[in-house]
Structures are given as C-alpha cells and as structure tokens.
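Keep the sequence and the coordinates side by side.

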Amino acid sequence: GDTLVFRTLTKQAVRKIANDRPPPLHDPRFIHLSRKTRSIQAYNKKQEELNTESMAGFLRYQIFLSYGILVLALWYGAVQNKSSLVDEGSTLQGYLVDYLPLWILLCLAVYAIGSVVYGVANFADCPQAAREVERHIEEAKAAMKKKGIID
C-alpha cells in the first residue's frame, strides 16, 4: 500500500520536473523561441536608446503634451499682451494672434496630408517581390490542379 502511493507520487514529481525543465537546445521550438526572445530584446534595446536620446526619457505622449502646453502658454501670453504686439489698425495681425492654435492645427493637418501624398507618390515598387509572389501563385495553382481542387 505505502510503496504504491510512494511510486505514484514519485512518478508525478518526475513528470512535473520534466515539464518544468526547458526544452533541449536542438528542439526547433526552443530555437524559434530563442530567436523571438532575441528580437524582442533588440527591439527593447533600440527603444531604450531612442528614449534616452529624446527629452530625458519621456514617453512620446509626454513630449507632445509638453510641446502643446508650451505653444498654448506662448499663445496665452500673446493674447494677454496683444495691444503691445499688434499695430492699432491691423486686423490681420489681431486675427493671427487670436486664432494662432487653429492656424497651427491647420498647418499640421496640411503637413500630414502632404506627407501621405508624397509617400504614396514615391512608393517604391519591388519587382523581385512581385515575381516571387507570382511564382508562389503559380505553384499553388499547380498544386491545387494536381489535387483536383481546380480545373
């Protein structure tokens, strides 16, 4: 009775230890995991380098938020001192100062649209990749004809 219970518990313990052990180095699942882990580590290292280069490690939203606050603070100061910044008879300068944040947003929108249009216009073709995809399509069609899926 006691020997059977001990053997069962021992087998369960051995199975648990075997399951907790990392796979052997020649196991392809381990190699794939290792590559994935290395690429994740390389990505994290690159992100750390980028973060240390820009504004003392702030996150991207914090950088944009600080720029936004800076622009709004400058605009608020310009609105408060509008009489000293704008000539008496100039309404154009008054409109520019009053609506400066909207002008900035408009400029950013035009820049974004221009960047997208420029990127689409200068999109590089990849003739080698296109030939490779066409070859894969022909191989797939041939395999499906061989299996009788298509005529």
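Which residue takes a positive phi just after helix 7? G148 does, with a phi of about 85 degrees. Bear in mind that this is a predicted model.

Now step back into the helix itself. Helix 7 covers residues 127–147. It has 21 residues. From its first C-alpha to its last, helix 7 reaches 30 Å, close to the 30 Å expected at 1.5 Å a residue.

M144 lies in helix 7. Leaving aside neighbours within four places in sequence, M144 is in contact with I149 and I150. M144 is partly exposed, because its relative accessible area of 33% falls between the 20% limit for buried and the 50% limit for exposed.

R135 pairs with E139, and the closest N and O atoms are 2.8 Å apart. Both residues lie in helix 7, four residues apart, about one turn of the helix. R135 counts as partly exposed at 43% relative accessibility. E139 counts as partly exposed too, at 43%.

The structure holds two salt bridges. The other partners are D98 and K82, with their closest N and O atoms 2.8 Å apart. D98 lies in helix 5 (residues 91–98) and K82 in helix 4 (residues 82–85), so this bridge ties together parts that are 16 residues apart in sequence. D98 is partly exposed, at 30% relative accessibility. K82 is also partly exposed, at 25%.

Next, the aromatic rings. A search of the whole structure finds one aromatic pair. The ring centres of Y95 and Y99 are 6.3 Å apart and the planes meet at 20 degrees, so the pair is stacked. The cut-off matters here: planes under 30 degrees apart count as stacked. Y99 is partly exposed, with a relative accessible area of 43%.

Finally, the chain as a whole. How many helices and strands does the chain have? There are seven helices and zero strands. From the N terminus on, the elements run α-α-α-α-α-α-α. Of the 151 residues in the chain, 4% are buried. The chain exposes about 13900 Å², and carbon and sulfur atoms supply 65% of that area. Among contacts with a separation of 6 or more, residues 24 or more positions apart account for 13%.

Key:
Residues are numbered from 1 along each chain as its sequence is written. This is a predicted model: local features need pLDDT of at least 70, side-chain atom pairs count only at pLDDT 80 or more; totals for chains, interfaces and linings use all residues. Side-chain values use heavy atoms; hydrogens and water are left out. Rings of Phe, Tyr and Trp (its six-membered ring) pair if their centres lie within 6.5 Å; planes under 30 degrees apart count as stacked, over 60 as edge-to-face and the rest as tilted. Buried means under 20% relative accessible area, exposed over 50%, partly exposed in between (1.4 Å probe, protein chains only). Helices (H or I, at least four residues) and strands (E, at least two) are DSSP runs, numbered from the N terminus. Contact means heavy atoms within 4.5 Å. Accessible areas come from the Shrake-Rupley method with a 1.4 Å probe; for residues, only the protein chains shown count as cover. The expected span of a helix is 1.5 Å times one less than its number of residues. A salt bridge is a side-chain nitrogen of Lys or Arg within 4 Å of a carboxyl oxygen of Asp or Glu.
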